[in-house]
Amino acid sequence: MAQFNYRNEIISLATIDGPLTRGPPQRFAKKNTKENINPGLSISSINQSVQKLSVSGNQSYNNSVLSTNNKTPTRNDNKSKSKSKSPGRSTTPTPNKAAKTPNKADRFIPSRSNSNYDLCHYMLNREEDQVEETAPSVASEAIGRALSDNEPGRMLQYTCKAPAAPEGYQNRLRVVYSQAKVPSTVKNTTRYIPQGPDRILDAPDILDDYYLNLVDWSASNILAVALGNSVYLWNAGTGLIEQLLTLEGSETVCSVSWVQGGGSHLAVGTSSATVEMWDCEKIKRLRTMDGHTGRVGSLAWNLYVVSSGARDGNIVHHDVRQRDHAVATISAHTQEICGLKWSPDGKYLASGGNDNLLNIWPIAQGQHYTQPQYLYSFNQHLAAVKGLAWCPWSSGILASGGGTADRTIRIWNVNTGANLNTVDTKSQVCSIVWSTHYKELVSGHGYAHNQLVIWKYPTLTRVAELSGHVARVLHLALSPDGTTVLSAGADETLRLWKCFMLDPTKKKEATDSKAAKSLLNMNALIR
């Protein structure tokens, strides 16, 4: 039987007409087998991935898989042919190989098949929604609390108010910051104020008395100064000095006041309770008016009426046109009157006394003197009120200064009776003058610095301090052009300060003065 088996094997090997049952498969057979198997596997792997991916993440992934299957079938075929060398080896590809990321993908994800994209997408969106819901709620609550606050103020502010700088403090960095700006765009908000006097004049025998008013500067640029029992006239334009009068005996001059409108007539109050009228051009006394029982320490003009305040506490209105000059007498204060000023419009008369009162007197109907009843009586000052000055460019605004026990400057609106502002000057206030060119006022002081202080209106902040007097500054006067302030001190000196000079580039053209000439023709009116 063995020989028959051997013979059958030889015959089967020698026969070439039948199909081949052994050996590696033919190339065309392997190709057909590959085409029948791979498409099904690729589709199944794609379906599995589509089921796991979310809608937002599937689009790019499906495109990459489909493009890979379409572009590289021949490469996969070549690789499968080169690797399938033995006929018994399985050619079925694994799912991971079918879902392998292509070499030219736009990003790298380690394991797509094991990632749950639906869950990740849901969690990410959920966290973002929570942040968007909570963050605006906290901010809206803070804004709501700020907007619902009824107290006035800013939303961003200090917990407590910033402390104020010490008095006289100057920031050294101010120059640095101002230099950093472009010069062409910077507006010059400050001006140069000389710290020293432009001229110093001697004033021997000037009385060191707080309650007197011994200096006045006329609209015709003539300065009248009372020294002891004499009155001297100084022409500021020419520099000439002329003696006007000398009182007899032990009498002294207590006050001087020029008539309004630039006239040459001067009213002089004396220690003998009289008021004298002098023609300064003719150096002649025109008349003497009485009506007081004490020295006349203050004088004020309103057209042809001169008002006098004396130590007896009375105010007497003198009409210089009439023989009976005393047209009205008012019991104004309980002690000596040391300050007396008519308003520029002639509607109010302010009087300050040693009884610490400031009284405002309204004008009588159709007259140029006041009513016997005051309009306001202010008692806020704690010392004698001597410094009085009406604002020349704001109607009804009055500045008043108190003595040693008070040391304050107060701004009043006599139209409403309101105290607009108050500042503690730290020293006795002897005199006040308003500037006609700037919104400022200057005050003269006594102990301890004996200086002049320029104040900004209406804040009453210090603009500058002018030092030089070695005794208290008793009197102040403003030049007719409004640029120079004269100070008379108890150190027997007169000092001229050019503290209100105009900027030459901004100086206006000279215009005709609106002030009328002297309203008086003394030769025809005074009797």
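A: Val-316 in strand E12 is the bridge partner of Ser-308. The model is predicted, so local features need pLDDT of at least 70 and side-chain atom pairs count only at pLDDT 80 or more, while totals for chains, interfaces and linings use all residues. Residues are numbered from 1 along each chain as its sequence is written, and side-chain values use heavy atoms, with hydrogens and water left out.

Ser-308 belongs to strand E11, which spans residues 305-310. Strands (E, at least two residues) and helices (H or I, at least four) are DSSP runs, numbered from the N terminus. Two strands are said to pair if DSSP finds at least two bridges between them.

E11 pairs with E12 (residues 314-319) in the antiparallel sense, over 5 bridges. The hairpin that these strands form has 3 residues between them, and Gly-313 there takes a positive phi near 85°. E11 also pairs with strand E10 (residues 296-302), again in the antiparallel sense, over 6 bridges. In that pairing Gly-309 of E11 stands opposite Ser-298. E10 and E11 make a hairpin with 2 residues between them, and Leu-303 in the turn has a positive phi of about 60°.

In a regular strand the side chains alternate between the two faces of the sheet. In E11, Val-305, Ser-307 and Gly-309 are on one side, Val-306, Ser-308 and Ala-310 are on the other, and both faces are covered. Of the 6 residues in E11, 6 are buried, where buried means under 20% relative accessible area, exposed over 50% and partly exposed in between (1.4 Å probe, protein chains only).

Side chains of opposite charge can pair when their charged atoms come close. A salt bridge here is a side-chain nitrogen of Lys or Arg within 4 Å of a carboxyl oxygen of Asp or Glu, and the count by this rule comes to 10.

One of them joins Arg-295 to Asp-209, at 3.0 Å from N to O. This pair links distant parts of the chain, 86 residues apart: Arg-295 sits in the loop between strand E9 (284-289) and E10, and Asp-209 in the loop between strand E1 (199-202) and strand E2 (215-217). Both Arg-295 and Asp-209 are buried.

Another salt bridge is made by Arg-311 and Glu-336, whose closest N and O atoms are 3.5 Å apart. Here too distant parts of the chain are linked, 25 residues apart, with Arg-311 in the loop between E11 and E12 and Glu-336 in the loop between strand E13 (326-331) and strand E14 (337-342). Arg-311 counts as partly exposed because its relative accessible area is 46%, whereas Glu-336, at 9%, is buried. Asp-209, Arg-295, Arg-311 and Glu-336 are linked in a network of salt bridges.

For comparison, consider other places in the chain. Asp-491 and Arg-495 also meet in a salt bridge, at 4.0 Å from N to O. Asp-491 is buried at a relative accessible area of 16%, and Arg-495 is buried at 11%.

His-437 lies in the loop between strand E22 (429-434) and strand E23 (440-445), and counts as partly exposed because its relative accessibility is 32%. The His-437 side chain reaches the backbone oxygen of Asp-481 at 2.6 Å. This is a polar contact, a pair of N or O atoms within 3.5 Å; within protein, one must be able to donate a hydrogen and the other to accept it, and residues adjacent in sequence count only if both atoms are side-chain atoms. His-437 and Gly-482 are 45 residues apart along the chain, with their C-alpha atoms separated by 6.7 Å.

Thr-484 is in the loop between strand E26 (473-478) and strand E27 (485-489), and is buried with a relative accessible area of 6%. Its side chain makes a polar contact of 3.4 Å with the side chain of Thr-483.

As for the chain as a whole, there are 8 helices and 28 strands. Of its 527 residues, 39% count as buried. Contact means heavy atoms within 4.5 Å; of the contacts with a separation of 6 or more, 47% are between residues 24 or more positions apart.
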